[in-house]
Amino acid sequence: MTSFNPADKGRHKKLILIWSITFLVLFPLLITLGLLMRMNQGEMIQLDHDTFYALMTLHGLGMAGVLFSMAWAALFYLLGTRYIKLNTGVGYAVYALVVAGAIGLAIATLVGKFAAGWYMLYPLPFKNPSWPGWTTGLSIVSLILMGVAWLVGCLHVVHNLSKEYGGLANLLGWQYLGKEKPAKDIPPIALITTVSLVPGILSFLIGAALLIMYLLQLLEPSLSYNVLIQKNMMFFFGHTLVNITMYCGVAWMYTLLPEFTGREWKLNKLTVYAWNATFLFIVFAYFHHLYMDFVQPAPLQFAGQVASFLSAIPATAVTLFGLIAQLYRSNVKWGVVPMAFLLGGAGWAVGGCAAVVDSTIAINKVLHNTLWVPAHFHTYMLMGVVLFILAFLFYMGSKEKGEPLSPRTSFGFWLFVAGAYGFLLMFYLGGLNSIPRRMSEYASSGIDHVHGTGASLAYAAALCVFLVLAGLLMMYASLFGGLLKKEAAR
Amino acid sequence: MHLFSILLTIQGTAAVISLIGAVVVAGVVLFVVSTSHKPDTDHTAKTKVYKFRGKYFAGLLAVIVVGFALSMATLPYPQFQKDAPDQTVVVVGSQWMWKMAVSDDGTVPADVAKFKGTSTITLPANKTLKFWVSASDVNHNYAIYDANGELLAQTQAMPGYWNALQYRFSTPGTYTILCLEYCGAPHTVMTGKINVQ
């Protein structure tokens with residue numbers, strides 16, 4: 001059994017404090033970029049095309065990067081102070097590289113107007129760009145820095161988990177599948193971290209290969225790659241990164257929620273089967289991004305639909321039922337932490353349902369690249385991952401379980417949730433009305449319905465985002481106060 | 001558009017399924033919160049929840065199997081189309097315009113960069129049309145909208161590949177083509193028209 005001395009814990013506390021404050025500063029700034037985009041679509045302000053798409057690029061890359069980094073950092077802290085030895089030096093190195101990458105991306109987009117979108121779909125960055133070549137180079141190098149950071153960070157965590165629990169097979173819980181009781185219990189956080197970070201490691205390797213190919217293309221413009229293969233590589237990287245961010249949040253829910261309910265949440269055969277299946281679904285679900293690439297081999301299209309459909313089983317029947325079983329008649333004190341976990345699970349389910357709908361090829365043919373797509377992933381990022389992160393941050397800042405919140409913080413929390421669902425509803429209505437995504441404005445479409453409905457929904461969405469920001473900022477005094485209190489951080 | 005007619009569209013199906021999902025989730029949240037203070041004196045609360053799980057699992061599996069089977073009936077891919085095309089149309093997306101032309105012999109041009117087409121085309125109603133879609137520079141997405149702004153069909157336009165989209169216009173009128181894949185800053189102006197007669 002690993003022992004933890006106060007000095008170790010102190011180092012981890014300092015590191016997570018730096019990560020948390022960075023997250024709390026960057027998150028509303030990145031929301032503001034999205035707000036400007038919706039305001040422009042709603043014709044409240046006027047941005048030129050170049051600026052709009054530069055903001056879109058930074059918003060997408062920034063949010064995916066910040067949310068995954070915070071999720072990884074939370075797991076690093078919880079694992080490193082309770083279960084395994086983790087080197088905080090690695091944590092700082094990851095932080096430095098991620099921040100360096102983020103600064104590079106901010107310069108490339110805000111100064112150089114780099115605007116290829118988060119996915120930089122090959123060969124867009126290299127064909128008639130409206131942005132200077134140096135911004136493409138800076139963005140690629142910045143993303144490589146972040147990718148290397150995440151790769152190192154994930155390898156360090158998985159390696160040390162593996163050392164503590166006796167190999168990858170044990171970490172995946174396979175010893176629970178035999179007849180005998182396992183010699184050593186695996187905490188759920190260890191299994192779910194493995195299921196999340198191992199596909200993450202694969203995706204970072206693929207992403208690194210892709211980015212190196214991009215770098216070579218930049219240096220040697222005569223190079224030409226297969227568009228379909230590049231697209232598969234990019235979506236495997238991007239989809240997996242976003243998908244595992246959600247599962248990281250689930251991992252710490254399994255650890256922290258039982259402290260509030262007083263009920264155990266342990267592994268058994270069923271949870272092991274469920275999470276091993278999830279591992280496969282994470283790897284194969286990305287094919288649903290390529291449904292409208294009709295030349296993609298049909299078996300891969302069906303694999304995308306099968307993996308996406310089946311992923312609903314372990315997510316709901318095991319994890320969300322587990323969440324309900326934790327809370328039902330538990331006499332839990334409804335502080336912000338358990339409420340954020342419950343609502344985070346709910347957001348995951350709502351967004352997941354809309355995602356499964358969109359992952360149906362026969363439906364995707366009219367929803368693909370409409371606002372339905374940002375609708376579903378914003379649901380499980382904003383009302384899933386972010387609520388899980390808030391649960392973690394409030395937990396870290398509270399002295400004791402169920403510590404009452406100030407009325408302002410409580411109001412802020414509910415304003416944040418209400419504003420978010422209003423904002424999301426406008427995306428869903430947009431998707432149902434065939435409003436395309438990634439449009440800087442709707443007037444050029446030449447279709448009255450797309451222009452009128454698209455702009456009206458964007459206007460309403462922008463108003464809701466103001467509520468989201470107001471709610472978030474109202475929670476800040478309590479969040480910062482809690483995190484900075486010496487005696488509080490757990 | 002009349003509410004009922006929306007429900008009959010694919011978008012309507014998506015809305016109904018998602019709404020049912022959201023209502024169920026909201027119901028579960030309310031149930032969990034409202035019952036959380038009831039005592040669990042005999043420590044059976046967890047067991048009760050897990051007892052219900054078997055039924056849920058069977059129900060969900062049935063929904064997935066039936067949903068999967070039903071969805072296979074209307075796949076957009078060319079190898080699953082029953083009707084033989086009456087006419088072939090070649091479409092090439094280039095930053096930032098659509099070029100379209102009827103192909104009399106049903107073939108596609110060898111060099112998309114040299115393809116001559118127009119951004120407005122006239123096509124017949126009630127004929128099965130096969131659109132061969134490609135791109136000369138970056139990825140685009142060929143999306144057909146009707147005059148009411150409803151997205152009817154789409155496929156990606158990819159450099160080096162030809163995607164075959166089959167569609168039959170049942171109503172004469174003007175249809176708009178939008179690009180649904182981000183293709184550079186002037187992306188929104190990449191439009192085209194189909195006059196269906």
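This is a predicted model: local features need pLDDT of at least 70, side-chain atom pairs count only at pLDDT 80 or more; totals for chains, interfaces and linings use all residues.
Two strands pair if DSSP finds at least two bridges between them. Strands (E, at least two residues) are DSSP runs, numbered from the N terminus. Residues are numbered from 1 along each chain as its sequence is written, chains are lettered from A and ligands numbered from 1 in the order in which they are written, and side-chain values use heavy atoms, with hydrogens and water left out.

**Sheet layout**
- Chain B holds an open sheet of 5 strands with mixed pairing, in the order β3-β9-β8-β5-β6.
- β3 (120-123) and β6 (151-157) of chain B each have a single partner strand and stand at the edges, so one side of each lacks a neighbour in the sheet.
- On average, neighbouring strands of this sheet are turned by 20 degrees against each other, direction ignored (axes are lines fitted to C-alpha atoms, and angles run from 0 to 180 degrees between N-to-C directions).

**Strand β8**
- Strand β8 (residues 173-179) of chain B is largely enclosed by the rest of the structure because 5 of its 7 residues are buried (under 20% relative accessible area, 1.4 Å probe, protein chains only).
- β5 (residues 140-145) of chain B runs antiparallel to β8(B), joined by 4 bridges.
- Between these two strands, B:I144 has B:I177 as its bridge partner.
- β8(B) also pairs with β9(B) in the antiparallel sense, over 6 bridges.
- B:Y175 has B:I194 of β9(B) opposite.

**Strand β3**
- β3(B) runs parallel to β9 (residues 191-196) of chain B, with 4 bridges joining them.
- B:K193 in β9(B) lies opposite B:T120.

How values were computed:
Buried means under 20% relative accessible area, exposed over 50%, partly exposed in between (1.4 Å probe, protein chains only).
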